[in-house]
Amino acid sequence: MNPKLADLIKALPEERTTGDRVADSPPRPEQIMEVLVGLTERPTPLGALRRLWALGGLEAYVAFAYLAWWVRGWFMSADARTRRRAETNLRAALKTLKCMVYLRGAVMKAGQLLGSFPDIAPDEFIDTLGHLHFEAPPMHFSLLREQVRNELGRDPEEIFASFETKAFAAASLGQVHLARLRSGERVAVKIQYPGIARTIDSDFRSLNALLLPLRLSKDWQNMKEQFESVWRMLRDETDYELEAASMRAAASHFRAEDGIVVPRVYDEYSTRRILTTEYLDGAHIEAFLATRPSRQVRDRFGAQMYRAAFRLYYGGLNYADPHPGNYIFMPDGRLGLIDFGCVWTFSKEERGVIKDAEATISGDEKIFRELAKRVGRLTDRELRDKERMRLLREAHDWVLEPLRREGVFDFGDQNHLRRGMAAMAQLVLKRYTRTDPMQIYMYRSFFGLRAMLYRLRARVDVRAIHDAECRKLK
Amino acid sequence: MRVTKDVQAATREKILRAAAELFKKKGWQRASTREIACRAKVASGTVFNYFPTKEAIAAALVNEAMQAAEDEFHFRRKAGQTLEEDLFLFIWLGLRQLAPYRNFLITALETLLSPLARSSPEHHGEAVRLLHVDTVERIISQQKTPQALSHLSLQVYWTLYLGVLAFWAADDSPKHEDTMAMVDHSVRLFVASLAGAQRKRSAGKRSVKR
């Protein structure tokens, strides 16, 4: 049974009080619902950076509640002393997590932590996923100017022909400003809040120490791997030179006729903390949908999103963070992909797994079980566990459902998304969550992309796109 | 022979430059006033005419940097900046100006600016503190809606600033970006405390009127 939101909030450890008012006690379920529903009615406040930042805290509480509920389960049968120690550590870990305001979707990246959504208003929750972010504190212009001077050696007004002092958009670790080069091109300049990288390292080291009691659990090794992969991904996100390299790699996969654009990187105006790219004129999904595009237009963009995902996937890259802010719906019909901070480059072994996984499309049970053993790190005993294999198979079948459909698949089918969430929820509830870290990001990609396509209500011939793109896998 | 003001200024400058070079090379504690005099090509007694102690030299270097920071602040400041932006800019520019002296400054600052060393108004560190805080007061008063400042608020500010200096002196992050974040957070904290005090005062006045 999926946990109710009220149960999750109860699962949060109680705040210790010494008679003083607790400044940030968890919000009541009604408060969370009010905000979530309210957000669906408002346009994304791209300019209201502070509000996004503050609201991100509410998503934190929901995610933390899941974490608390999940972690508590490990200690249900432990003795009182172990439970007390775990409780203390958990409380401290959650407090640390609350302060990690840069955690855009980090708990979501771990996959298991949001494997289930509250059984209260799944539509509102899905619709608002793209609205809620954790972001770095907004930078005022004095700070931003000094950060640019620190990184590029001159003030932004000296470097660019024009530079807008107000942020155009929030980024997970900083913010984006529009500018124009002296050669005339319009660019987007992403500037990172100073010191984030070391803050992440410091926070994760603390968190690592606090979660050590979990090493007694049988899946500790795998949990540790997943935790470290989240840590590594977040740290990599702070390196804009890595992101620039990912963008260049991704851009090499697309031709003009694909109608998919990855912005050009301007290396001479980019560093580890500043990324200057070609500005893509267009709208994010909310603004795009507000123009009431025709079904044909929505379907075409849906197909482009899938084509982009498959092109990169079979080209060796997982575009692992497909959230609404990363897609630009351009007026000329092209789809822009921005934000390559979370890209997983497949190793040779992982490419082998991808190749083998193709056989499971036709339902090959033998290959499926072999992959479950390899990727899921299952023991022979676990492979004989009928319930476990049934749940893994259900989740896998859900992933492949659009691929197995002849003709178009209707991503506006709410039941499809709910089935996926239910399947993942069951895996989390049963703690069948041991997996290769690569798999976490794959599921993140699947869910993220399908949530986007659901919002578009797009119908896409996934099989046809897949057949065209997977030839590159040879 | 009477020494003209220009000559005096030039000699003072020679001593300060020589001291700065020696402090950088040997550290503040190990550099002696005799060596400073030798490097500046003046008599030891001359050094004492201008600077009675080594602390006085360090204070002069710090004040020079603070003055340069203030000049740069007025040059770089954009119209309409908030108090947070102003204070951030002033403090950060000060750190940039102090940067050449960073590796020896913290030792000097422990003597110069330590609250425990402030035994008299003539103490050189007190002059540094007063100059800096005076500028901060002026920055606050020039805001469109200036926040009311109390002696305690300024004390809070100074404590935060010393914390920033200590953090910066030990900061090994690339381009001192951790210090940049630290300055930002400290300034936000201070400005929020001023705003909180202002709100309490206004609420107090409103209840008295009733």
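The model is predicted, so to speak of local features pLDDT must be at least 70, side-chain atom pairs count only at pLDDT 80 or more, and totals for chains, interfaces and linings use all residues. Residues are numbered from 1 along each chain as its sequence is written, chains are lettered from A in the order in which they are written, and side-chain values use heavy atoms, without hydrogens and water.

**The interface**

| Feature of the chain A and chain B interface | Value |
|---|---|
| Residues in contact (heavy atoms within 4.5 Å) | 20 residues from chain A, 22 residues from chain B |
| Buried area (accessible area, 1.4 Å probe, lost by both parts on being put together) | about 2000 Å², 40% of it on carbon and sulfur atoms |
| Salt bridges (side-chain nitrogen of Lys or Arg within 4 Å of a carboxyl oxygen of Asp or Glu) | seven |

One of the salt bridges joins E72(B) to R149(A), with the closest N and O atoms 3.4 Å apart. On the side of chain A that touches chain B, helix α7 (residues 141–152) gives the largest share, nine residues; helices here are DSSP runs (H or I) of at least four residues. That side of chain A has nine charged, six nonpolar and five polar residues.

**The cores**

The largest nonpolar core has 144 residues, and F329(A) and L337(A) have the most contacts inside it. Such a core joins buried nonpolar residues through side-chain atoms within 4.5 Å, buried being under 20% relative accessible area (1.4 Å probe, protein chains only). Helix α4 (residues 54–76) of chain B gives the most to this core, eleven residues. Beyond its neighbours within four places in sequence, L337(A) touches residues including F254(A), L280(A) and Y327(A). A second, separate core has 19 residues, among them L378(A) and F447(A).

Note on methods. Buried area = accessible area lost by both parts, 1.4 Å probe. Helix = DSSP H or I, 4+ residues; strand = E, 2+ residues; numbered from the N terminus. Nonpolar A, V, L, I, M, F, W, Y, C, P; charged D, E, K, R; others polar. Buried < 20%, exposed > 50% of the residue type's maximum accessible area, 1.4 Å probe, protein only.
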